[in-house]
Amino acid sequence: MSEPRTSADAFDSSFDTDDAYATVDRGGLADVIDLPSTGGGQVTQASRGRLQELDSLAGKIALVTGAGAADGIGFAIATRLRLAGAAVAIVSTTKRIHERAEEIGAIGFVADLADEAEVGGLADAVAEAIGEVDILVNNAGLTSKTDPAVVKPVAQLSYADWQTELTRNLDTAFLVSRAFVQSMAERGWGRIVNVAATTGVVNAVPAEAAYAAAKAGVTGLTKALATEVVADGVTVNAIAPGLIRTGSSTVPELQKGLDGPMGRPGTPEEVAAAAVFFCAPSASYITGQTLVVDGGKSLRA
């Protein structure tokens, strides 16, 4: 990693400030959802329009971390947020993020989210380029083929190995959440969605203690932060994917997916649907929760 990029100008961005997204409509919905019951009668056109509005993210600005892989969960979430009407910024540690951004009409940034100074610079750069973030999805931390998880029994796990997994999976969520949550609270609306995992949340496997601890920590952070901003119009939730077929999936992982109740691993798009559900204005009464997305595999003993 090069020297920390601590200013907005230091970030390499694929965003053109003359683009329409530079002047995003910041108007939002009413704080309280007041759809009347139809009493079993016909749904009116006005009610149908109101329901569509409650699922729309038009006028909102979203940031998705860890979205550099075309076949990954982060990019699937970013794509779905764009389809819901949000202006989207995406970030990863490599310049391939600009390719992803171009594909969905987003803005791309390069940053090391385990570096406190770079996270601060990212927050400034995003605000300058596109505006204040309304929706944050902390997806960064998942492994890749070039940066695999540390798989060792606890007795053989070095302290450096332990720190690597916690830094990659938990510290990043903390640093990025801290950088954006205050602005959301001051404006009275926000959504934070953290990507955890079934490992450490509902189950565990041998030789992955550090990863399990980090992902369990993500759900703990989710609950604690939710209590701090619950009165400020900001919700904080988590999703816990199980075995999902991505470019970094190993053959044994895919085999485990085939052995699950649905007979297949999940897809990034199915995880994205759960994440974006939490982002909708209509999900305003849900906070501090973790939604497991594993095809029912955790139901089996």
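1. A residue counts as buried when its relative accessible area is under 20%. This note applies that term to a predicted model. In helix α2 the buried residues are I73, G74, F75, A76, I77, A78, L81 and R82. Eight of the eleven residues of α2 are thus buried, so the helix is largely enclosed by the rest of the structure.

2. Some figures for the whole chain. The chain has eight helices and seven strands. Of its 301 residues, 46% are buried. Taking contacts between residues at least 6 apart in sequence, 73% join residues at least 24 apart.

3. The seven strands make up an open sheet with parallel pairing, and their order is β3-β2-β1-β4-β5-β6-β7. The edge positions are held by β3 (107–110) and β7 (290–293); each has a single partner strand, so one side of each lacks a neighbour in the sheet. From one strand to the next, the twist averages 20 degrees.

4. Two of the strand pairs can be followed residue by residue. Strands β1 and β2 run parallel and are joined by five bridges; L63 has A89 of β2 as its bridge partner. Strand β4 (residues 135–138) is linked to strand β5 (residues 190–195) by four bridges, and these strands also run parallel. Here I135 is placed opposite R191 of β5.

5. Two helices can be described by how they lie on the sheet. Helix α3 packs on it and touches β2 (87–92) and β3, with a direction at about 170 degrees to that of β3. Helix α5 (residues 159–187) also packs on the sheet, in contact with β1 (61–65), β4, β5 and β6 (234–241). The direction of α5 makes about 170 degrees with that of β4.

6. Strand β2 deserves a separate point. Six of its six residues are buried, so the strand is mostly covered. A87, A89 and V91 point one way from β2, while V88, I90 and S92 point the other way; all are buried.

7. Next, the packing of α2 on α3. Two packed helices are described by the angle between their axes and the distance between the axes. Helix α2 (residues 73–83) and helix α3 (residues 97–104) pack at about 30 degrees, and their axes are 10 Å apart. Angles under 35 degrees count as roughly parallel, and α2 and α3 are therefore roughly parallel to each other. Their crossing is right-handed. On the α2 side the contact is made by F75, A78, T79 and R82, and on the α3 side by R100, E103 and I104. By class, this contact has three nonpolar, one polar and three charged residues.

8. Helix α2 also packs against helix α8 (residues 268–279). The axes come within 8 Å and cross at roughly 50 degrees, which makes α2 oblique to α8. This crossing is right-handed as well. From α2, the residues I73, A76, I77, R80 and L81 take part. They meet P268, E269, V271, A272, A273, A275, V276 and C279 of α8. The contact of α2 with α8 divides into eleven nonpolar, no polar and two charged residues.

9. Two backbone angles should be noted. A207 has a phi near 75 degrees, which is a positive value in a residue other than glycine. A207 sits in the loop between β5 and α6 (209–229). With a relative accessible area of 23%, A207 is partly exposed.

10. What does S56 touch, leaving aside residues up to four places away in sequence? The contacts are with A84 and P281. S56 belongs to the loop between α1 (45–55) and β1. Its relative accessibility is 26%, so S56 counts as partly exposed. The C-alpha atoms of S56 and L83 are separated by 9.2 Å, although the two residues are 27 residues apart along the chain.

Definitions and conventions:
Residues are numbered from 1 along each chain as its sequence is written. This is a predicted model: local features need pLDDT of at least 70, side-chain atom pairs count only at pLDDT 80 or more; totals for chains, interfaces and linings use all residues. Side-chain values use heavy atoms; hydrogens and water are left out. Axes are lines fitted to C-alpha atoms, for helices over the stretch in contact, and angles run from 0 to 180 degrees between N-to-C directions. Angles under 35 degrees count as roughly parallel, over 145 as roughly antiparallel, 65 to 115 as roughly perpendicular and the rest as oblique. A crossing is left-handed if the near helix is turned anticlockwise from the far one by less than a right angle, and right-handed if clockwise. Contact means heavy atoms within 4.5 Å. Ala, Val, Leu, Ile, Met, Phe, Trp, Tyr, Cys and Pro count as nonpolar, Asp, Glu, Lys and Arg as charged, and the others, Gly among them, as polar. Two strands pair if DSSP finds at least two bridges between them. Buried means under 20% relative accessible area, exposed over 50%, partly exposed in between (1.4 Å probe, protein chains only).
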